[in-house]
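Hi there,

Have a look first, then carry on below.

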Amino acid sequence: CHYSNEARVVGSIPCLTQCSESDVVTLSPALPSQSGRVAIVTGATRGMGLETARQLHRLGMHVIIGTNGPFRNNSFGFCGFIKYLRLSLIKVFVFLAEFIFLDLTSLKSIQQFTQNFKQRRLPLHVLVNNAGTMLVPERQTQDGFELHFGLNYLSHFLLTNLLLDVLKDSGKAGRCARIVNMSSATHYAGVIDMNDLNRSYSSHGAYSQSKLALVLFTYCLQEQLTSAGAQVTVNAVDPGMVDTALYDNLWTLAQMLKKPVAKILFRTPAEGASTAVFAAVSSQMEGVGGVYLYNGEKTRSAEISYDSDLQIQLWKRSCQVVGLQ
């Protein structure tokens, strides 16, 4: 099947869409070919993550999906090519990606994943920190962190730092390596209490805190990369309201009310993914880092996210709890 990214536009963002066999691959200047480049996408077995991986693949990228899904019972390092077959009306879409076991609720699993990846001596041009959970009952990761904070933020903090040397080696002047952190508009309501990162539990508070932490992390990391002269950029992305399985944790009545509203107001996973893809490969984002993107536009994030002292405090505390020196 052939694809075009000129058929639809979400906001100001080109969005890859499925097309007929008679169409040909046409890449707009905004989304150049990614042939020969490598991407890692977390949480990409469904929803926006899957669509992000799918769109990067169509641009020519070798996509590696870190997941604890398909290979939950297999040893670390087991990887292979899997066909994703999806039937929609009379069309069958084939998507090839490489899957490597990664459990983001376990610091040990993250360390083993990065070791396994580095042993292959592949470059890494794009890292999309997409995996997340939302509004779940109070739970903890394997290492004792509140689940939202541990999975949404700390896991990606550690993963990014462990892969940073590969990203730096892969980025070149005029073609930087890129990191995309999936945040949310809920970060505007987020509060970071350095004395209580596991916080007195509220699912909404825990989720918004984790998304604010990702924005603080984004700005702090970009400052360090710029100071070091590294050819790597990092940006935070807000995909908007997207109809994904994240909303499955709503209580029953809320889910019933959400369904008709979602069809009208929510974006599809493919539309939500287009923002992450734009940040990951768009020519307009070359060399641009340390920004918060909504609809492909630079948008001002929460005022607290620009607090450099808080950014540094969170960075140091995060290094401490995940075991980074």
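Predicted model: local features only at pLDDT ≥ 70, side-chain atom pairs only at ≥ 80, totals over all residues.

Let's begin with His187. You will find His187 in the loop between β8 and α4 (203-228). Is His187 buried or exposed? Its relative accessibility is 0%, so His187 counts as buried. Which residues does His187 touch, leaving aside those up to four places away in sequence? They are Ser208, Lys211, Leu212, Val215, Tyr292, Ser301 and Ala302. With Tyr292 there is also a polar contact of 3.4 Å between the two side chains.

Now for the strands. Strand β7 covers residues 126-129, with Val126 and Val128 pointing one way and Leu127 and Asn129 the other way. All of these residues are buried.

β7 has two partners to look at here:

- Strand β3 (residues 38-42) pairs with β7 in the parallel sense, over three bridges. Here Val41 stands opposite Val128 of β7.
- Strand β8 (residues 177-182) runs parallel to β7 and is joined to β7 by four bridges. Asn129 has Asn181 in β8 as its bridge partner.

Enjoy exploring, and write back with any questions!

Best wishes

How values were computed
Residues numbered from 1 in each chain as written. Heavy atoms only, no water. Buried < 20%, exposed > 50% of the residue type's maximum accessible area, 1.4 Å probe, protein only. Helix = DSSP H or I, 4+ residues; strand = E, 2+ residues; numbered from the N terminus. Pairing = 2+ DSSP bridges. Polar contact = N/O pair within 3.5 Å; in protein donor to acceptor, adjacent residues only side chain to side chain. Contact = heavy atoms within 4.5 Å.
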